[in-house]
Amino acid sequence: MESTGIIIGFWALAGLTVGSAALVFVVRNLLHAVLALVLSFMGMAGLFLTLSADFIAMAQVLIYAGAISVLLVFAVMLTPLASRDNGNSLFALPGLAIGGAFALLLMFLAVDVDWPELRDAALADRAFADTIEAVGRSLVDRYAFAFQVASALLLVALIGAIALVREDGAP
Amino acid sequence: MSLSVTLAHYLAVSGVVFGIGIAVALGKRNAIAVLMGVELMLNAANLALLAFSRFGAAFEAGDAPLAGHAFVVFVLTVAAAEAAVALAMAVLVYRHRETIELDRINLMRW
């Protein structure tokens with residue numbers, strides 16, 4: 001991955017993703033935090049595209065930037081009397097310390113470990129023009145059972161969410 | 001120094017986003033903000049999975065070239081289910097307590 005476009009795209013998208021993820025912690029308004037989170041999801045979808053994962057990038061935009069963010073805004077709007085500020089708890093400083101330590105550790109591991117990774121020609125060899133067909137085939141073939149379990153999980157979560165918020169006596 | 005983008009770059013971005021997710025999940029008072037931190041952490045894991053799927057040479061790709069992609073599809077599914085149930089719980093707690101600030105939800109029963 002040496003073409004100039006990939007390099008510029010990677011750094012721009014990485015900056016967007018990390019910067020807006022940091023904004024989620026920094027901003028003081030909960031709705032602004034949701035917006036920063038959506039921006040971070042979009043940057044992440046761009047990073048997925050640079051990894052030639054076109055189907056996952058599309059699913060990321062649909063599910064994360066679309067459905068989950070709408071769900072978050074719904075939750076904020078359904079709790080009108082709760083405070084809308086994005087304040088820190090007593091664990092803010094320990095949380096920052098643990099998060100920073102994890103980030104440093106993972107960065108150190110990423111840079112220091114000699115990953116058995118493909119480079120140059122071998123990497124270009126593995127590039128996918130489009131992944132949708134291959135992912136779809138593996139979902140109904142190799143991972144068919146896991147696919148069924150995931151659909152059952154979604155059904156149970158759907159029924160559970162409805163049962164949780166349903167008013168007593170509602171039909 | 002070569003400028004090419006390698007596996008380490010993606011893993012570093014994934015690690016930083018994961019750390020921010022931990023900080024948000026541990027350090028925020030609002031239940032919805034905590035959920036946002038969890039989503040960030042799941043997203044960072046997805047990025048690491050896809051990066052390994054693209055760059056990894058540790059195993060023969062052969063018959064399952066996109067195993068990482070299939071795994072990410074399931075992570076997305078579980079994340080969607082988790083968000084729906086967690087937000088339903090937030091709304092339910094709000095009905096009883098009129099707050100979703102986690103440090104004010106400190107009763108085992110009410």
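**Figure 1. The buried face of helix α1(A) in this predicted model.** Two residues are in contact if their C-beta atoms, placed from the backbone, lie within 7 Å. Helices (H or I, at least four residues) and strands (E, at least two) are DSSP runs, numbered from the N terminus. Helix α1 of chain A covers residues 4-26, and because its 23 residues should span 33 Å at 1.5 Å a residue, the 32 Å between its end C-alpha atoms agrees. The expected span is 1.5 Å times one less than the number of residues. Residues are numbered from 1 along each chain as its sequence is written, while chains are lettered from A and ligands numbered from 1 in the order in which they are written. As this is a predicted model, local features need pLDDT of at least 70 and side-chain atom pairs count only at pLDDT 80 or more, whereas totals for chains, interfaces and linings use all residues.

**Figure 2. Where chain B touches chain A.** The contact draws 81 residues from chain A and 68 residues from chain B. On the chain B side, α1, α2 and α3 (67-97) each supply at least two residues. Which helix gives the largest share of that side? It is α3(B), with 20 residues. Sorted by class, the side of chain B that touches chain A holds 49 nonpolar, 12 polar and seven charged residues. For this sorting, Ala, Val, Leu, Ile, Met, Phe, Trp, Tyr, Cys and Pro count as nonpolar, Asp, Glu, Lys and Arg as charged, and the others, Gly among them, as polar. The model scores ipTM 0.90 and pTM 0.90.

**Figure 3. Helix α2(A) beside helix α2(B).** Two packed helices are described by the angle between their axes and the distance between the axes. For α2(A) and α2(B), the angle is about 5 degrees and the axes are 11 Å apart, which means that α2(A) is roughly parallel to α2(B). Axes are lines fitted to C-alpha atoms, for helices over the stretch in contact, and angles run from 0 to 180 degrees between N-to-C directions. Angles under 35 degrees count as roughly parallel, over 145 as roughly antiparallel, 65 to 115 as roughly perpendicular and the rest as oblique. Residues to look for in α2(A) include Leu37(A), Phe41(A) and Met44(A), and those in α2(B) include Met36(B), Glu39(B) and Asn43(B). The residues of this contact divide into 13 nonpolar, two polar and one charged. In α2(B), 22 of the 25 residues are buried. From first C-alpha to last, α2(B) reaches 37 Å, close to the 36 Å expected.

**Figure 4. Helix α2(A) against helix α3(A), with Val34(A).** Staying within chain A, the axes of α2(A) and α3 (residues 54-77) come within 8 Å and cross at roughly 175 degrees, so α2(A) is roughly antiparallel to α3(A). The residues of this contact comprise 19 nonpolar, two polar and one charged. Val34(A), in helix α2 of chain A, counts as buried because it has 23 C-beta neighbours inside 10 Å. Leaving aside residues up to four places away in sequence, Val34(A) touches Ser69(A), Leu72(A), Val73(A) and Val76(A).

**Figure 5. Thr79(A), a loop residue that touches chain B.** Thr79(A) sits in the loop between α3 and α4 (92-112) of chain A. Is Thr79(A) buried or exposed? It is buried, because 23 other C-beta atoms lie within 10 Å. Not counting residues up to four places away in sequence, Thr79(A) touches Ala90(B), Val91(B), Tyr94(B) and Ile100(B). The C-alpha atoms of Thr79(A) and Val111(A), 32 residues apart along the chain, are separated by 44 Å.

**Figure 6. Chain B and its three helices.** Chain B has three helices and zero strands. Of its 110 residues, 58% count as buried. Its mean pLDDT (the predictor's confidence in each residue, from 0 to 100) is 86, and 88% of its residues reach 70 or more. Among the elements of chain B, α1(B) has the highest mean pLDDT (93) and α3(B) the lowest (90).

How values were computed. Buried ≥ 20, exposed ≤ 12 C-beta atoms within 10 Å, placed from the backbone.
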